[in-house]
Structures are given as C-alpha cells and as structure tokens.
Amino acid sequence: KMAAAAGAAAAAGLWSEVNRCGQNGDFARALKSVNKILQINKDDVTALQCKVVCLIQNGNFKEALGIINTHTKVLTSDVIAFEKAYCEYRLNRIESALKTIQSASQQTDKLKELYGQVLYRLERYDDCLAAYRDLIRNSQDEYEEERKTNLSAVVAAQSTWEKVVPEDLGLREATYELCYNSACALIGQGKLNEAMKKLQKAEELCRQSLSEDSDVTEEDIEAELAIIHGQMAYIMQLQGRTEDALQLYNQIIKLKPTDVGLLAVIANNIITINKDQNVFDSKKKVKLTNAEGVEHKLSKKQLQAIEFNKALLAMYTNQADQCRKLSASLQSQSPEHLLPVLIQAAQLCREKQHAKAVGLLQDFADQHPANAAEIKLTMAQLKIAQGSVTKACMILRSIEELQHKPGMVSALVTMYSHEEDIDSAIEVFTQAIQWYQQYQVSQTRGANPKSPVHLSLIREAANFKLKHGRKKEAISDLEELWKQNPKDVHTLAQLISAYSLVDPEKAKVLSKHLPSSDTMSLKVDVDALENSHGATYVRKKAAKLTGENQQKEQGQGEVKKKKKKKKGKLPKNYDPKVTPDPERWLPMRERSYYRGRKKGKKKDQVGKGTQGSATTGSSELDASRNASSPPTSPRPGSGAAVSATSNVIPPRHQKPAGAPATKKKQQQKKKKGAKGGW
C-alpha cells in the first residue's frame, strides 16, 4: 500500500510538471514527464494522448501516428480522431486524413477546420467552399479572419484552375492576404491591370503590418513579399513585358526564399521565357522544380505544366530519349491531353521523321475524336511544311466543326488558289454558304434572313469567281446580295459589269436602276483638294503677269530654245558606197559568222624563238605539202598574212574575208613591244 501511495504521489507530481510545461510551451520537457507516467501505467489513456500532442507540437508526426496505430484498443477513433487525421495531413497522406475525418462519430469544430484544409488539398473546391461558409456562419472566435482568408483562397483557386467566375463574397480586404487572394482571382478572369493594382495594395498593407513589429527586419519583409512580387512578375509576363518579369523573377531567386513551391513556379516561368534560347540557364533552373516537397505545395495543373516544360527543354537540348520518356509518361497520366502527343510529334519532326509524326497524330485523332480538331490542324501544318498543300487541304476539310468558319474558308481558298485548283476553292465557298443557309433556317424556324457572316461569304465568293472569270457563277451570288440590299450600288455595279460580258441586254435593263449622275455628284472643291496637305499632285500657282509678260502673252509668246543635236562621228576609213555590217554592234562571239578560236594554233611554236617573236611552223616549210594543199587562213604574225597597207574594208563596215583585223593588230603590237629574253 505504501508503494502504491508513493507511486500515486509521484504520478501527481509528474502531472503537475506536464501541466506547467504545457502552459509554458516546453513540450520537450513535458514529453519526458509523460514518458515517466507511462512507465508507471503504460495504458494510461490521458498520458498517451498527451504524448501524442507533445510529439505533434515537436513536429514528430510520424512517431505520433505510430503511437496512435499501436494503441488502437485504448486510443479509439472517438478519442483521438483529430490528432490522427492531423498527423496524416501533415505527412501528406491526404486521402487517409479524409477517411479518418469522415469515420469520426462526432464532427467537432477542429475536425471541420481540418476537413476544409483536406478538401482544398484534394482540389475539391466546391465542397471546400461550402465547408468554410458553414464554419464562418457557425463560429465566433478570434480565428474568423483566417477563415475568411481561406475562403478567398478557395475562390481564387476556382477562378484560376476551373475558370469559374467568382462570386462577390463581400469580404473586406483589410489584410494583405485577402488582397493577394483577390488579385489571384482577377488573374484567373484575365483582368490583369486590376490584379496588378490589388497586388500593389497587398504589398503596401504587408509592409505596414510587418513594420509595426520591431523584431521584423527588412529582409524578413522582403521574404514575406516574395510571393506577391512573384505574382506581379507573372502578370508582366502575361502582358508581354518579359524583360521586366525576368528581372523580378531573378531578384526573388536571389533572396533564397524557403517556400520550395514558390521557387519551383518562378523557375518554371523563367524556363518558359527562355524557350529554346539560353538553355544553359534553363537547365540550372529546372533543378529548382525537382526540390523535395514540391509535389505537395503545388496544384496538379502546376505540376503538369512543369513536366511539360521539362519535356520541351529536353527536346530543345537535343535529349531525344529523355524527351520521349517524359512525354510518354505524361501521356500515360493524361491519355486525352494534347500536349504529350504534340511534343512527341515535334521531336519526330526534329529528327526528320515527318511521316511518322503525321501517323502518330492521326492515331491520336482516331482514338480521341473530341480533340481531333487541334491535332488535325497540326497535321495540316506538317503537310504544308512538306509541300503537300492538297493533302493539307483534305485534312482541313475533314474538320467538320471548322468547315464553315470564315478563317478556315479563307485558308482553304488561298491554298487551293496557290495550287490553281479553282473548282475546289469555289466548292469550299459553296459548302460554307450552304451551312449558314441551313443554320439560319433552323434558327429562325423557316425564315431566311442572312447573317452578316453569311452575306460576307457570298460577297467574297462572288469576287473570287469574277476574278477567275466565272461570270455566270458570280451572277447568281451578286443577284442574291442585291436582293438582300437593293440600295447597294456597289453590288449593282458589279452585277451590271458581269452581265455586260454575258448578257448585254440584261446589263442595260439593270443599269436603269443606277442612280442618276445628278444624285451621284458631290460638291468637291477641286483646287482645295489638289493643294491639300498630302496630295500627290499639287498644281503650281500662276505667277502674276508683269508688263513684259503681258505683251508676250498677247503676241506670239516666248519661243523655247531647242538644243542642237550633235552629228555622230564617222570612222576615218568610212566608205559611203559600202553597206555597213548589220551585226557590227554585237560582240564578236554573238555574230552569226563567228566560228570560234581554233585550238592548238601554237602547238608547233612552243619553246621556239624568243619571247614575243613569231616563228614559222615546219609545215609551212614543206613545199610539197603547200603545193597540194588548199590555202588556209593565215596565222597571226605569219608571212602569209595580208599586207596592212592594202585597201582593206574595216570589219566595222564589212564582214572580214580572213582572220579578224583586231587579232592581227594585237599580234603586231606584241611584236613591237617584245624585247626578247626572260
């Protein structure tokens, strides 16, 4: 009995120590006292609960959860449901935390608060919004501001990731957290200028709030502002101010913030700015996206975007295997997503495997008809890059939901015109016009009013047919347009012009509908128009006539002096009796009688005589050969050449009978200038 009494007294002293340490926040000392109590009674429920709380306060969530799981008989779910769910939440076992909360027999306020956090992490924003609204409605304590902040965060997430137009919650933006969340919601709606103003207000409120605390340094304030500055840089990037955004992103990285999620997002955004440039910097930045714990800080769409950019960076850095591996992994995670297959196709194109890329895209389009439109547009682009314009047109025309769109019609007509396939281009116009015709009838229950797009297509079709000589086909379109608007003079003029080539009588009849010239006349001051600023022609003002000028005007007027034409010089040996050579102005090579140079003329003379001298070939010294052979054209510089003093008509006036005189003169000049020797 004395031992039991002593144990009870010791336990009471230990409980007093636990209570005092708990109030002082010294949970490490409290844990030691709790362990001593458990040595006295290992199944003490209160002691086990206190031990779990002390471990949670010290951040030992795994150990705390282990104690809960090993003492399930004592620590039932009703007793310790919140602590178990909280440990699972902090260990990022979000699904397990949700099950623990839902299995609790009694939903306390603490469990409801945790339930809202769990739903937010699971991205079940609608349920989360309802949970926080219920909490705010049924709670009155000092944590109301935090709940409103969480509520605004849910609304911002809906706007950003689900593109839901946020409702006005009527929250007073008195704190920088509320201002920041409001700015995020505006970014999701695309209201970038308004969002920037909200962020500037949030920055101002943050500085005011933190500067009131004397223990907070400027570095602490900058660290707290990092997330606000990150959103500012993101807005700049969306607005195309990439240099400003890049500068602000790098400033944040230099601060080395502890939030790995913030660093990962900033690094990813820098990679998107770099694209295929500055890949060395991108490879350094991508390491920040691989930091431990990033997957628990970001949403699924943010993580997915980072993985897409990793695959693209691998492609830009020519890491083909890595690119294929990442894109295949992404495709297995999101089979219906477009980007993985587009990245794979882009990698194949870089490897010059265009046919394989088109086949890959075609398979995806067949498997996922809902996303086929964008894939087929990419396929058409690849076909155009290969020069297969007709095949590209066939692919584009297979996209039924885009066939009637003005942009698609314009693209197809342009491509068919490039291929000179006018019939197919007209067929594209016809199909689009018929689609709008049927659509208008279905929408107006049998009535047939033409929409502006419909009328615009008819006009473009008529202009195209007129341009390519299809007058008869254009007439029906023009008549339809004129029928819709009989006061349209431009359409009437086009119709008359078309009929004038096909049916002149009909053109005359229609011309009666044209307005008279009196009604068409415009009161225009021609002089003011010609002298206006920007006129291409400005009429010079007439100079005032003096007495002498008046006499000249009255008389015969001033006679302009004419310049005398100089007579052309004739050659010195010009003979007027001889007809000039009609080809004298052409270069010698282009004249009809030019036979070209004879090859091998100087073969027999190589190495004989001094430089510049003319030697006689051995064939000329053979008398027997000269007697039997017909006379040949004299070689330049040979003794058989025609004397320069004979009465020869120059080649400028007559076709030369023998060798060109110019060659003879060149040879003579060469002889005269030669001094012999080397």
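**Close-up views of a predicted model**

View 1. Lys-310 is buried, as its relative accessible area is 15% (buried is under 20%, exposed over 50%, partly exposed in between, with a 1.4 Å probe and protein chains only). Helices are DSSP runs of H or I with at least four residues, and strands are E runs of at least two, numbered from the N terminus. Elsewhere, salt bridges with shared partners join Glu-203, Arg-207, Glu-218 and Glu-222 into one network.

This is a predicted model, in which local features need pLDDT of at least 70 and side-chain atom pairs count only at pLDDT 80 or more, while totals for chains, interfaces and linings use all residues. Residues are numbered from 1 along each chain as its sequence is written, and side-chain values use heavy atoms, without hydrogens and water.

View 2. The whole structure holds 17 salt bridges. In one of them, Glu-17 pairs with Arg-29, with the closest N and O atoms 3.2 Å apart. Because Glu-17 sits in α1 (residues 2-24) and Arg-29 in α2 (residues 27-40), the pair ties together parts 12 residues apart in sequence. Glu-17 is buried at 15% relative accessibility, and Arg-29 is partly exposed at 47%.

View 3. Lys-148 and Glu-144 form a salt bridge, with 3.5 Å between the closest N and O atoms. They are 4 residues apart in α9, so about one helical turn separates them. Lys-148 is partly exposed at 25%, as is Glu-144 at 34%.

**View 4. The two faces of helix α4.** In α4 (residues 61-70), the buried residues are Phe-61, Ala-64, Leu-65, Ile-67 and Ile-68. Down the helix axis they fall within an arc of 155°, so they line one face; the arc is taken from the directions from the axis to the C-beta atoms. Exposed residues Lys-62 and Thr-70 are on the face turned away from the buried side.

**View 5. Positive phi in two loops.** Glu-123, not a glycine, has a positive phi near 60° and lies in the loop between α7 (109-121) and α8. Asn-278, also not a glycine, has a positive phi of about 50°. Asn-278 is in the loop between α14 (260-274) and α15 (279-285).

Terms used
Salt bridge = Lys/Arg side-chain N within 4 Å of Asp/Glu carboxyl O.
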